Amino acid sequence: RERGPDRRRPASGNSALPGRVRPGPAEGGSSNPSKRHRERLNRELERLAGLLPFPEEVVAGLDKLSVLRLSAGYLRAKSFCSGKGHRRPEHPPLFPPPEALNGFVLVVTSEGLIFYSSHTIQDYLGFHQTDVMHQSVFELIHTEDQQEFRRNLHWALSPPHAPEGELSAEGGKSLGSSAVAYKPDQLPPENSSFLERSFVCRFRCLLDNSSGFLALNLQGRLKLLHGQNKRSEDGSALPPQLALFAISTPLQPPSILQIRTKNMIFRTKHKLDFTPLACDAKGKVVLGYTEAELRVCGTGYQFVHAADMLYCAENHVRMMKTGESGLTVFRLLTKENRWKWVQANARLVYKNGKPEYIIVTQRPLVDEEGGEHLRKRSMHLPFTFATGEALLYKSAYPLPGFTDPFQSKGKACKSKKTFHSHRGRSQKDGVDPSSLLGAVMQQDKAVY
């Protein structure tokens, strides 16, 4: 944008030339070019994010790098679909609609970059479409299967040798660094059966019944990826290269029970401290909130029943240590001020070897199921202030102004109060609003 014709500085006038004459700070303020540049960049990123073909609630949860990554991926996909520089094929589309598949569509370049993924990838791996597009596919594949996937990306099933130690999730992008660009006359005809592919790889999966990986059968073919306008190191234009166009389906078809259960499962995305970032469409139906309402209410513990908070916090700590929380049954507060039992499993999602965010897969339970889990949990040692667990509350005893939230008169709350009803008081009394106690005090007492 800075180099575009609409951003060029005038040729005359020293005040417009950097490094020549700098105007002094305005009276009562200061001139900060860095701040102005950041603000201008942020405005451009916001405008760019608004142009992405995703729902508003999804775009609102993207960081700046994700906006740039998805913008680049969208432009490349649009260039391919527009048919510029090549004739459109006369035959029908390669893939049926994603909704009609028992799987998802995946397009991967010869370098191992995910060029496109259908949104149904979330139903099978738990990752949102925006999490994987324009990312290295090798970050999703089991380390023992990366070489097999890389072999199938090569037109002759014989990729260049990768140095030892390069086959790792962290070095996923370097796996494609040895990819070779071929001229069209060096490749088989595009309709050749030699370019058909059918193989199995294990992909990382965030769903609670997958043991961390799901075996997928990838069936498709290598096709030329037109419209990318790539250039070699010397600046010369490269011809279109082959990419893998495949339909990815689970190796074992789901059972009837799994199909029924899948229709009830919803997923949420959180920061590492469990602050909500996003919720899928089914979650919005179950809980009643929009994503904006989820994000405005502070930590995710604002939505957790007070009697379940320490139990959830313990599993949260376990997940930060091991990468997975294990099955956790607790109550979530819906927008109608009712408690909904859910069975959840939280997993860390890593990028470049470091935890980046949390994905939680949740299945609604009936009250009888939740009550049975609660009785089993109560058989363990109860929480007391004498055990030191109270330190999780980040508050000194006594607790001024705190009333027992369990002393409910049994009347349903008909008002539409927000979670912020006690926010001011908790801050005034010196309670950290992001602590477990702060989360309790910010909830409406009537919900208990």
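User: Start with Phe104 and Tyr124: buried or exposed?
Analyst: Both Phe104 and Tyr124 are buried, where buried means under 20% relative accessible area, exposed over 50% and partly exposed in between (1.4 Å probe, protein chains only). This is a predicted model, so local features need pLDDT of at least 70 and side-chain atom pairs pLDDT 80 or more, while totals for chains, interfaces and linings use all residues. Residues are numbered from 1 along each chain as its sequence is written, and side-chain values use heavy atoms, with hydrogens and water left out.

User: How many aromatic pairs in the whole structure?
Analyst: The search finds 8. Rings of Phe, Tyr and Trp (its six-membered ring) pair if their centres lie within 6.5 Å; planes under 30 degrees apart are stacked, over 60 edge-to-face, the rest tilted.

User: What is the geometry for Phe104 and Tyr124?
Analyst: The ring centres are 6.4 Å apart and the planes are at 40°, so the pair is tilted. It links distant parts of the chain, with Phe104 in strand S1 and Tyr124 in helix H4, 20 residues apart. Helices (H or I, at least four residues) and strands (E, at least two) are DSSP runs, numbered from the N terminus.

User: And Phe149 with Phe199?
Analyst: That pair is edge-to-face, 5.6 Å centre to centre with 75° between the planes. Phe149 is in helix H6 and Phe199 in strand S3, 50 residues apart. Phe149 and Phe199 are both buried, and together with Phe138 and Phe203 they form one aromatic cluster.

User: Which other residues of H6 are buried?
Analyst: Besides Phe149, there are Gln146, Arg150, Asn152 and Leu153. The buried residues of H6 fall within an arc of 160° seen down the axis, so they line one face of the helix; the arc is that of the directions from the helix axis to the C-beta atoms.

User: Switching to charges. How many salt bridges?
Analyst: The whole structure has 13, each being a side-chain nitrogen of Lys or Arg within 4 Å of a carboxyl oxygen of Asp or Glu. One of them joins Asp308 and Arg377, with the closest N and O atoms 2.8 Å apart.

User: Where do those two sit?
Analyst: Asp308 is in the loop between H10 and helix H11, and Arg377 is in helix H12, 69 residues apart. Asp308 and Arg377 are both buried.

User: What else does Arg377 touch on?
Analyst: Arg377 lies over the face of Tyr311, at 3.9 Å from the ring centre. The criterion is NZ of Lys or CZ of Arg within 6 Å of the ring centre and within 35 degrees of the ring normal.
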